[in-house]
Amino acid sequence: MNGRADEIRRRLTEAFAPLHLDVFDDSASHAGHGGAMASGGGHFYVTVVSPVFEGKSLIQRHQMVYNALGDMMREEIHALSMKVFTPSEYRAKGKPIHE
């Protein structure tokens, strides 16, 4: 992993104590992309599974992730794709959680 991905992982872990967390840096496949070059930020995909999301709408969950990443969203992250689940939603997709 790289510094940005490590920091994303740290912040999301601190904010959500996730039961499952994936952070994928896809910046290399966007090399030369105008917006990414102008901002200097990377492209990331995250999957977060946490009981903290229980009772929250998808919009609220996304806002929570953006808030957890804070200043990284302005300078270090150009694009962020996220999937946010409660543990029961993740299990319903047939995905195991190792608690």
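I looked up Phe53 first. In this predicted model, Phe53 is buried, with a relative accessible area of 0%. Next I checked the aromatic pairs and found three in the structure. One of them joins Phe16 and Phe53. I noted a tilted pair, with 5.1 Å centre to centre and 40° between the planes. I then asked which parts of the chain this pair links. Phe16 sits in helix 1, and Phe53 in the loop between strand 2 and helix 3. The two are 37 residues apart, so I logged the pair as a link between distant parts of the chain. Phe16 is buried too, at a relative accessible area of 3%.

**A second pair**

I turned to Phe85 and Tyr90, which form another tilted aromatic pair. Here I read 5.5 Å centre to centre and 50° between the planes. Phe85 counts as buried at 13% relative accessibility. Tyr90 is buried as well, with a relative accessible area of 7%.

**Arg61**

Is Arg61 buried or exposed? I found Arg61 buried, with a relative accessible area of 7%. Arg61 lies in helix 3, residues 58-69. I listed its contacts, leaving out residues up to four places away in sequence. Arg61 touches Phe53, Lys56, Val84, Phe85, Thr86 and Glu89.

**Helix 1**

I went back to the helix that holds Phe16. Helix 1 has 14 residues. Its span from first C-alpha to last is 20 Å, close to the 20 Å expected at 1.5 Å a residue. Which residues of helix 1 are buried? I wrote down Ala5, Ile8, Arg11, Leu12 and Phe16. They cover an arc of only 130° around the axis, which means that they lie on the same side of helix 1. I recalled the general rule: an α-helix has 3.6 residues a turn, so residues three or four places apart point the same way.

What do these buried residues pack against? I noted strand 1 (20-25), strand 2 (42-49), helix 3, helix 4 (72-75) and strand 3 (77-85). The face turned away from the buried side carries the exposed residues Gly3 and Glu14. After helix 1 comes Ala17, with a positive phi near 40°.

**Arg4**

Last, I checked Arg4, placed in helix 1 (residues 3-16). Arg4 is partly exposed, with a relative accessible area of 28%. Arg4 and Ile77 are 73 residues apart in sequence. In space I read 8.3 Å, C-alpha to C-alpha.

Notes. Residues numbered from 1 in each chain as written. Predicted model: local features only at pLDDT ≥ 70, side-chain atom pairs only at ≥ 80, totals over all residues. Heavy atoms only, no water. Helix = DSSP H or I, 4+ residues; strand = E, 2+ residues; numbered from the N terminus. Buried < 20%, exposed > 50% of the residue type's maximum accessible area, 1.4 Å probe, protein only. Contact = heavy atoms within 4.5 Å. Expected span 1.5 Å × (residues − 1). Arc of directions from axis to C-beta. Phe/Tyr/Trp six-rings, centres within 6.5 Å; stacked < 30°, edge-to-face > 60°.
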